[in-house]
Amino acid sequence: MTKILMVATNVDQIGDQKTGLWLSEFVEPATEWTHEGFEVTGASIKGGRIPIDPNSYSNELPRVWDGVMEPIHDTIKLSEVNPEEYDAIFFCGGHGAMVDFPNSPEIEALLDHFKQNNKLIGAICHGPAAFIGNKDVNDISFIKGIKITGYSNEEEQATGLADAMPFLLEDELKEAGASYESGGVEADQVVVDQNFITGQNPQSTHRIAEVFKEHLSS
């Protein structure tokens with residue numbers, strides 16, 4: 001069975017702003033992949049229950065999501081993950097990821113395994129924050145020379161939260177050596193390069209799930 005490790009943030013607050021996982025960026029891919037017969041495991045740096053950004057949550061959840069949220073109710077700690085057991089890794093978004101994904105030894109170790117073994121590495125929206133400050137054994141950015149997307153400066157400014165962020169994701173992805181590509185504000189933008197598959201924003205979530213599935217099924 002194809003196994004995917006889905007990594008979410010543990011951070012529930014930035015300044016006076018409630019934050020966490022942007023729910024659809026976990027649930028939409030997880031729904032697509034479990035229906036395909038893939039096994040999804042929820043993980044995070046600290047483990048445990050994942051905080052959900054209140055702006056992404058509604059009590060009127062789609063029926064198709066029933067039961068799919070279970071993996072984020074009690075996630076495994078990244079330090080306890082055996083990457084050999086997984087075929088792909090996917091970093092979910094939400095503003096919380098801007099805090100605990102960068103400069104993470106646990107994420108760095110996993111990225112090294114997945115890149116060295118040419119396994120799929122995916123990230124959506126703020127999820128590419130996982131590539132910031134995390135380097136391979138040669139002290140080189142994992143995304144140096146890689147075409148990539150993620151939440152754009154323009155989109156961040158539109159949220160009104162840019163000043164509360166520790167950095168602007170687009171700027172830092174470029175600084176890390178990536179070739180950043182934006183499709184415009186709220187564009188359905190997915191970029192594939194080598195074993196990296198990235199999506200720009202929540203509007204790109206369904207398509208990245210489809211593209212990821214196609215690559216894993218081929």
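Modeller: A residue is called buried under 20% relative accessible area, exposed over 50%, and partly exposed in between, with a 1.4 Å probe and protein chains only. This is a predicted model, in which local features need pLDDT of at least 70 and side-chain atom pairs count only at pLDDT 80 or more, while totals for chains, interfaces and linings use all residues. Residues are numbered from 1 along each chain as its sequence is written, and side-chain values use heavy atoms, with hydrogens and water left out.

Colleague: Is cysteine 92 buried or exposed?

Modeller: The relative accessibility of cysteine 92 is 0%. Because of this value, cysteine 92 counts as buried.

Colleague: How many disulfides does the structure hold?

Modeller: A disulfide is a covalent bond between the sulfur atoms of two cysteines. The criterion here is a pair of cysteine sulfur atoms within 2.5 Å. For cysteine 92 the closest cysteine sulfur, in cysteine 125, is 11 Å away and therefore too far for a bond. The number of disulfides in the structure is zero.

Colleague: Where does cysteine 125 lie, and is this residue buried or exposed?

Modeller: Cysteine 125 is in the loop between strand E7 (120-124) and strand E8 (147-148); strands (E, at least two residues) and helices (H or I, at least four) are DSSP runs, numbered from the N terminus. Its phi is near 60 degrees, a positive value in a residue other than glycine. Most residues other than glycine have a negative phi. With 3% relative accessibility, cysteine 125 counts as buried.

Colleague: Is glutamine 194 buried or exposed?

Modeller: Glutamine 194 is found in the loop between strand E10 (190-193) and strand E11 (196-199), and has a positive phi near 55 degrees. Because its relative accessibility is 57%, glutamine 194 counts as exposed.

Colleague: Which residues have the most contacts inside the largest nonpolar core?

Modeller: A nonpolar core is a set of buried Ala, Val, Leu, Ile, Met, Phe, Trp, Tyr and Cys residues joined through side-chain atoms within 4.5 Å. The largest has 66 residues, and helix H6 (residues 205-217) gives the most to this core, with five residues. Leaving aside neighbours within four places in sequence, phenylalanine 131 is in contact (heavy atoms within 4.5 Å) with residues including Leu111, Ile121, Ile143 and Phe196. The residues with the most contacts inside the core are Phe91 and Phe131.

Colleague: Which residue is the bridge partner of lysine 3 in E4?

Modeller: Two strands pair if DSSP finds at least two bridges between them. Strand E1 (residues 3-7) and E4 pair in the parallel sense over five bridges. Five of the six residues of E4 (residues 39-44) are buried, so this strand is largely enclosed by the rest of the structure. The partner of lysine 3 in E4 is glutamate 39.

Colleague: In which helix is tryptophan 33 found?

Modeller: Tryptophan 33 counts as buried because its relative accessibility is 0%. Not counting residues up to four places away in sequence, tryptophan 33 touches Ile4, Met6 and Phe212, among others. The helix that holds tryptophan 33 is H1 (residues 24-35).

Colleague: Which helix gives the most to the lining of the largest pocket?

Modeller: Of the 18 residues that line the largest pocket, the closest to its centre are Trp22, His95, Tyr151, Thr159 and Pro202. The helix that gives the most to this lining, with three residues, is H4 (residues 153-159). On a 1 Å grid over the protein atoms alone, a pocket is an open set of points where a 1.4 Å probe fits, with protein on both sides within 12 Å along at least five of seven lines, and lining residues have an atom within 4 Å of a point. The helix asked for is H4.
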